[in-house]
Amino acid sequence: MAKKILGYIKLQVKAGSATPSPPIGPALGQRGVNIMGFCKEFNARTENVEKGTPLPTVITVYQDKSFTFITKTPPATHYLKQITGLKSGAKLTGRETVGEVTRTQLREIAEKKMKDLNANDLEAAAKIIEGSAKAMGLKIVEA
């Protein structure tokens, strides 16, 4: 018989550096999940990903206090910051430009994130990434 699901916990955890400190500890502690068990398993599973990369994680907690989790691809803004070398986006979105990104770079990011995006084809996925780039204050240029 399948385990009964108690709930889901959505967190953004840096790859290879899960610790029992906030936000992980309190979120898992409220559900009675073994915090150190999660941290060890997460760090082991993400050791091949660049350390410090933010990974959206969905933890499924079962009634017997066991858990499973899936990690998704890093946010589009992480990839955009990596490509442009920026630390953060524009302070006044829409009024200032902090950098440039080409359409081919947007397409590359869309290919990496395709499985997590709500898009049917690569062009639609690239448009979603383009929206994130514009929200960060990046100018889209043709390559």
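This conversation covers the domains and helix packing of a predicted model.

Trainee: Into which domains is the protein chain divided?

Mentor: Domain 1 spans 3-69 and domain 2 spans 74-139.

Trainee: What separates their centres?

Mentor: Taken over C-alpha atoms, the centres of domain 1 and domain 2 are 27 Å apart.

Trainee: And how many residues are in contact between domain 1 and domain 2?

Mentor: Six residues of domain 1 touch four residues of domain 2. The two domains bury about 340 Å² between them, and 67% of that area lies on carbon and sulfur atoms.

Trainee: Changing topic to helices: at what angle do helix 1 and helix 2 cross?

Mentor: Helix 1 (residues 24-31) and helix 2 (residues 35-45) cross at roughly 130 degrees, and their axes come within 9 Å. That angle makes helix 1 oblique to helix 2. The crossing is right-handed.

Trainee: Which residues meet there?

Mentor: From helix 1, I24, G25, L28 and G29 meet I35, F38 and C39 of helix 2. By class, this contact has five nonpolar residues, two polar ones and no charged ones.

Trainee: How do helix 3 and helix 5 pack?

Mentor: Helix 3 (residues 76-84) packs against helix 5 (residues 122-136) at an angle of about 65 degrees, with the axes 10 Å apart. Helix 3 passes helix 5 in a right-handed crossing.

Trainee: Which residues of helix 3 and helix 5 meet?

Mentor: A76, T77, L80 and K81 in helix 3 meet I129, S132, A133 and M136 in helix 5. The contact of these helices comprises five nonpolar, two polar and one charged residues.

Technical notes:
Residues are numbered from 1 along each chain as its sequence is written. This is a predicted model: local features need pLDDT of at least 70, side-chain atom pairs count only at pLDDT 80 or more; totals for chains, interfaces and linings use all residues. Side-chain values use heavy atoms; hydrogens and water are left out. Axes are lines fitted to C-alpha atoms, for helices over the stretch in contact, and angles run from 0 to 180 degrees between N-to-C directions. Helices (H or I, at least four residues) and strands (E, at least two) are DSSP runs, numbered from the N terminus. Angles under 35 degrees count as roughly parallel, over 145 as roughly antiparallel, 65 to 115 as roughly perpendicular and the rest as oblique. A crossing is left-handed if the near helix is turned anticlockwise from the far one by less than a right angle, and right-handed if clockwise. Contact means heavy atoms within 4.5 Å. Ala, Val, Leu, Ile, Met, Phe, Trp, Tyr, Cys and Pro count as nonpolar, Asp, Glu, Lys and Arg as charged, and the others, Gly among them, as polar. Domain bounds come from an automatic or database domain assignment. Buried area is the accessible area (1.4 Å probe) that two parts lose on being put together, summed over both.
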